[in-house]
Amino acid sequence: MILHPFSSIMLELALLMTMVLIARWLTDRYRQPAVLGELLIGVLIGNLGYWVGLPFFSFVMNYGAASPVFDQVWQGGVSVAQAAGQVFGAGELAPGGRGHEVLRLLTGDHALANVNTSLSLWLFSSLGIILLLFHVGLKTGIHQLRSVGSDAARVAVAGALGTLVIGLLVIWMLPVDLSGAGRFFIAATLSATSIGVATRMLEDIGKADTSEGRMILGACVLNDMIGLVLLALSIELVVKGHLDLPAVAWLLASSGAFLAVIVLFGDQLGRPLAQQLNRIRPAENRFLAPLAFALLLGWLCSSLGLSGTVGGFAAGLILSDDSLRDKTKEMLMPLIAVFTPIFFLLIGMQVNLTVFLQWHTLLLTAALLLAAVLGKLPAALLAGPEVDRATVALGMLPRGEVALIFVGVGRSLGIIDDSVFAALVAVIILLAFGSGLALKWAFGPRSARAKALLARLGRGQRMAH
């Protein structure tokens, strides 16, 4: 009996949707960010399926290594075996090596299903990234970007650049086989604070409307934008292998001009566009135009040399105008809810837990975690005297959507190996969980008493002098 090629994809989608349901149930039960549950479920079930030897899980675990082979086949017009010989060394192609495993998956009994899976996963995860940033832009809005103020801007820039510099210093001291562009890519991965995770944490403890909460969220918005520009710059460095100053200058100028036009004039475009969208009949068709607009801006950004995710974010900013009816936004949510979790699940399913049995992976995880925490300290120093600097620093710790986009891109481009990939995902999970606990303490009664005691001690010391 010959099965339709799409049959295996339907089964895999059913499995992924079930994993999303389990993850959402757990995170809602324990009041944790949804992305954390999706990552953890992906890691646990992905490794279980891989250890059992199920073909789908084996292919996903090796997806990062298979992507360069696909690129060689499609771009070079060579066979799978020839492409594998160009990507992997002789040792890796020997039995038991990574190259041998990838070649078996792409030429064995399940080869057709694996090729279909690869195309599907690439499509689903790419759509998930665009829709994720589109959703973030819808929630953020141009007015919030304009109202963050100079203090939040200083916090965002200091946090991003501080993490980039400290991350580079730490990574340069580690015994990892990476080029300079690869080290820059990893440091840039740690630079962006997650607005999604930070918003969820502050809303859960009811502190989103405090002075510290508003500064954290405002800084996160700008930090995400800086992170997206760093992503485009990192890809430019990695693809070309060197710092092409004219190309970098064009990238920074085009991205700065594009984002400036969106921030300054986006509402003037968004308001009449929203009014036209509201006239579409029947109402069930209204979600198609915003989606087409997001994809169009994604294409435009790609044409300018930026990441397509920047276009998705910009489309969300423009269409966040209040005149766009909530019903239209609501109709977009099911589509976002389907594709975005798949991206996070696939990231988790590619983390091989056996690499943590190696001491250098644990060392790398600890070092990257230290760099991610220390890198946000400059943000606290520039937060201003009207807010609690320690609370702002803790609020800038969580990494999430943008960092995971970095990780996914780095995996697909072959920039990072299994150990670095697993270490980065572990750092993102630890920070997403640990920063939530730290923020609850910072806003809690014990912290308030400790701060009051320190303030009294400070006044006593000044009077003594």
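A crossing is left-handed if the near helix is turned anticlockwise from the far one by less than a right angle, and right-handed if clockwise. This is a predicted model in which local features need pLDDT of at least 70 and side-chain atom pairs count only at pLDDT 80 or more, while totals for chains, interfaces and linings use all residues. Residues are numbered from 1 along each chain as its sequence is written, and side-chain values use heavy atoms, with hydrogens and water left out.

**View 1. Overview of the predicted protein, with 23 helices and zero strands.** Helices (H or I, at least four residues) and strands (E, at least two) are DSSP runs, numbered from the N terminus. Of the 465 residues in the protein, 53% are buried; buried means under 20% relative accessible area, exposed over 50%, and partly exposed in between (1.4 Å probe, protein chains only). Contact means heavy atoms within 4.5 Å. Among contacts between residues at least 6 apart in sequence, 78% join residues at least 24 apart.

**View 2. Contact of α2 with α22.** Two packed helices are described by the angle between their axes and the distance between the axes. Here the axes of α2 and α22 come within 10 Å and cross at roughly 140°, which makes α2 oblique to α22. Axes are lines fitted to C-alpha atoms, for helices over the stretch in contact, and angles run from 0 to 180 degrees between N-to-C directions. Angles under 35 degrees count as roughly parallel, over 145 as roughly antiparallel, 65 to 115 as roughly perpendicular and the rest as oblique. The crossing of α2 past α22 is left-handed. On the α2 side are Leu36, Leu39 and Leu40, which meet Val425, Ile428, Ile429, Ala432 and Phe433 of α22. By class, the contact residues are eight nonpolar, no polar and no charged (Ala, Val, Leu, Ile, Met, Phe, Trp, Tyr, Cys and Pro count as nonpolar, Asp, Glu, Lys and Arg as charged, and the others, Gly among them, as polar).

**View 3. Salt bridge between Glu38 and Arg24.** A salt bridge is a side-chain nitrogen of Lys or Arg within 4 Å of a carboxyl oxygen of Asp or Glu. The closest N and O atoms of Glu38 and Arg24 are 2.9 Å apart. The pair links distant parts of the chain, with Glu38 in helix α2 (residues 34-52) and Arg24 in helix α1 (residues 5-30), 14 residues apart. Glu38 is buried at 2% relative accessibility, whereas Arg24 is partly exposed at 30%. Three salt bridges are found in a search of the whole structure.

**View 4. Salt bridges of Arg98 and Arg104.** Asp418 and Arg98 pair at 2.3 Å, N to O. This pair also links distant parts of the chain: Asp418 belongs to helix α22 (residues 418-443) and Arg98 to helix α7 (residues 98-107), 320 residues apart. Asp418 is partly exposed at 21% relative accessibility, and Arg98 is partly exposed at 23%. Arg104 and Glu101 form a salt bridge at 2.7 Å, N to O. Both lie in helix α7, three residues apart, about one turn of the helix. The relative accessibility of Arg104 is 44%, partly exposed.

View 5. Asn114 is buried, with 4% relative accessibility. Leaving out residues up to four places away in sequence, Asn114 touches Pro55, Phe59 and Leu105.
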